[in-house]
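Visitor: I am new to this model. Please take one part of it and go through it closely, with the cut-offs stated as you go.

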Amino acid sequence: MAAEAIFKLGATVVKPIFQARPIADAGTTHRALNRRHTEIRLLRICPGDDNEPVAVSTMIVPLSWRCPPFIALSYCWGDPAITERITVNGSPMNATVNLVMALRQLRAFHNSPDKLPYRSAKTYLWIDAICINQTDIEEKNSQVPLMAGIYSSATHVLVWLGAGDEGTDRFMHWLQSSWKLPIISFRRSEYVLDKPAPDDLYWLSLTILLRNWFSRIWVVQEAVLAKKDPLVICGSKTIPLEHLAGCLEAISIDYGWMGLRPPTPNIKPLLEQYIKSFDDPGDVFQQFLVNQTRLAGIIGMRSSPSVRWLYATLEQALLDTIYHEATNTRDKVYGLLGIINEESRSRIKVDYNLEHWQVGLQAIVSNCTTSDFLTVAIAQRHRAVFDLDSSHPSWLPDFTHKMDLSSSLFSLPNLWKHWRAPHHIKISPDHRVLTTPGTVIDTVHAKKLLDFDPYEDQESLQEIERIARTSRTVSLSADHPLYSLRHNLDVEIWAILLLNSAVRHLGDLSRDDMIKKYRSIYNSLVQGNPQDRPERLTNLDALSDWYWTDEATLALFAKEMCRLTRNLSFIATSAGFLGVGPRELEYGDKIVILDGTNLMVALRPRRITEPREMVILGPVFLQGIKSRYKTLEDLSRRGKLTDDIFDLV
């Protein structure tokens with residue numbers, strides 16, 4: 001019966017020319033695949049009312065020209081610990097809540113009058129969580145390499161963002177009805193308004209761009225390899241992906257961050273559910289900006305004339321998707337196999353029996369020809385809490401750690417990176433030790449862990465000020481190599497941190513005026529009476545009222561201090577510099593610039609008995625170094641700084 005079925009895709013009826021294997025036996029969710037013949041499973045959603053449990057049936061087909069037309073779903077799994085029961089071939093199976101919501105919504109599209117790619121119970125789907133037996137490691141090893149072929153073979157790709165609500169419905173409806181692309185141009189930036197925009201437009205865009213789909217690494221190849229523009233589904237509303245990206249870009253250009261207007265009272269409740277999960281307002285803004293960048297990157301890849309060969313190497317793909325998140329390093333590597341060339345792909349053997357870091361090691365050793373991965377490994381330890389005795393080499397990137405925009409604070413100009421010779425890096429035959437030259441800048445002398453709330457803990461702020469005052473008493477002679485870098489540092493470190501934060505874009509003050517503003521606010525936190533401070537504002541109120549009220553400015557300033565220094569330490573160095581670095585820093589840790597990188601990094605011997613073997617602790621920011629970087633580089637060129645060879649483990 002299955003081989004004689006008629007497949008309906010939108011308004012097109014296609015008679016299959018394939019021989020499908022029988023459906024899985026009753027009571028069996030996953031019948032074994034023939035891996036030699038690159039077989040895959042497809043599923044159909046059984047008809048049902050909204051309140052009925054979800055049921056699907058599967059069939060096995062070859063991934064070849066004989067495969068019936070099917071649609072692939074791109075989505076986020078969601079929390080694997082929170083599941084709902086569905087039925088697969090009559091047998092029970094647990095699926096994540098987000099997937100079940102997607103299945104319910106797709107079932108609701110059955111017999112829809114709208115011209116959607118999916119609107120028939122006879123249409124086949126490919127969904128990884130169901131079509132791959134997730135409990136069979138050998139099957140995963142054989143199916144994951146096929147995912148590029150699956151998404152590029154699908155007639156359509158559907159992007160499921162999650163359940164809708166009043167806010168998303170209003171925003172999606174407005175995008176569909178109020179924007180048009182001029183006939184004379186196909187550039188996304190050319191999207192123009194067809195009618196006046198509501199004041200809350202930019203705020204409502206949070207309901208879409210804060211969704212998890214934009215952040216995950218797997219969605220890159222799923223969206224990029226789609227034959228046609230993927231269709232985005234949020235709740236019951238749909239919009240083409242490129243249309244969504246074009247409108248969001250135009251909104252950003254026309255309005256800026258929230259248009260510097262507070263949201264109207266009637267939409268504040270719609271926004272709270274998206275913002276309350278963030279630790280502070282700056283995280284909201286950062287996630288918004290990063291997701292915009294991620295989406296623009298996907299659209300840019302899709303517009304490339306040679307999508308499949310956009311990345312010649314896995315190394316370049318890893319670097320260009322650095323802000324896309326993965327559950328672990330293994331997923332980060334495997335999620336990119338579809339958008340690298342065959343030569344690079346052949347060096348990676350998909351094996352879910354390997355530890356996550358072993359997959360990363362395989363990827364780096366077999367594919368990386370520059371030292372850029374070392375910069376990534378350092379930057380990823382920006383806020384990470386890790387075990388110094390871990391078997392995971394500290395020089396190996398760990399993509400479990402989330403990258404954020406504030407890590408750019410630590411970056412030095414690329415002059416050093418280009419001048420030094422990255423080809424001096426050597427990896428030992430057992431892949432345990434990476435040896436590289438570097439230049440010693442300073443050592444840690446004192447630290448204070450930044451694990452407090454500056455809005456509430458005035459005593460800790462005052463302790464930091466005491467460390468800073470003591471550091472300023474360190475006197476360097478005029479012939480000291482670092483003298484020209486340290487003298488006349490007249491801007492407080494907190495002002496520098498805030499000037500490098502995302503929230504600085506919220507105002508139109510000059511740099512000098514903003515420094516004065518930050519200095520005044522910081523002094524009020526250190527010296528003012530805590531009882532005189534206004535009540536803490538919510539994230540949404542702090543963001544929306546920042547531009548207009550002193551109370552919101554104070555609250556946002558304090559929260560930005562927390563965000564920028566979370567899991568970091570305030571430090572003073574032996575030469576009297578002030579800065580921030582990893583939380584694990586201790587007295588005597590070396591601050592170094594490694595060849596081929598553009599970050600200062602803290603290093604420490606793993607064991608006292610083996611002082612040559614150093615562990616990377618994380619990036620370091622020292623006040624005055626970045627702004628006077630050319631002086632530092634000149635000192636190194638003239639041999640005024642200490643060069644050494646470091647064995648990183």
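Guide: A residue is called buried under 20% relative accessible area, exposed over 50% and partly exposed in between (1.4 Å probe, protein chains only). By that rule Asn111 is exposed, at 71%. The model is predicted: local features need pLDDT of at least 70 and side-chain atom pairs pLDDT 80 or more, while totals for chains, interfaces and linings use all residues. Residues are numbered from 1 along each chain as its sequence is written, and side-chain values use heavy atoms, without hydrogens and water.

Asn111 sits in the loop between helix H1 (97-108) and strand E8 (124-126); helices (H or I, at least four residues) and strands (E, at least two) are DSSP runs numbered from the N terminus. Asn111 is not a glycine, yet its phi is positive, near 65°. Asn89 also has a positive phi without being a glycine, at about 55°. Asn89 belongs to the loop between strand E6 (83-88) and strand E7 (91-96), and is buried, with a relative accessible area of 11%.

The part for the close look is helix H18, residues 458-472. Its Glu463 forms a salt bridge with Lys448 (a side-chain nitrogen of Lys or Arg within 4 Å of a carboxyl oxygen of Asp or Glu). The closest N and O atoms of Lys448 and Glu463 are 3.3 Å apart. Lys448 is buried, with a relative accessible area of 16%, whereas Glu463 is partly exposed at 31%.

H18 also meets helix H21 (residues 511-527): their axes, lines fitted to C-alpha atoms over the stretch in contact, come within 8 Å and cross at roughly 110°. That angle makes H18 roughly perpendicular to H21 (65 to 115 degrees, on a scale from 0 to 180 between N-to-C directions). On the H18 side the contact (heavy atoms within 4.5 Å) is made by Gln458, Leu461, Gln462, Ile464 and Glu465. On the H21 side it is made by Tyr522, Leu525, Val526 and Gln527.

The whole structure holds 16 salt bridges. One of them joins Arg347 to Glu343, with the closest N and O atoms 2.8 Å apart. Arg347 is partly exposed at 34%, and Glu343 is exposed at 52%. Another joins Arg604 and Asp589, at 2.9 Å from N to O. Arg604 is in strand E19 (residues 600-607), and Asp589 is in the loop between strand E17 (578-582) and strand E18 (590-594), 15 residues apart. Both Arg604 and Asp589 are buried.

Key:
Angles under 35 degrees count as roughly parallel, over 145 as roughly antiparallel, 65 to 115 as roughly perpendicular and the rest as oblique.
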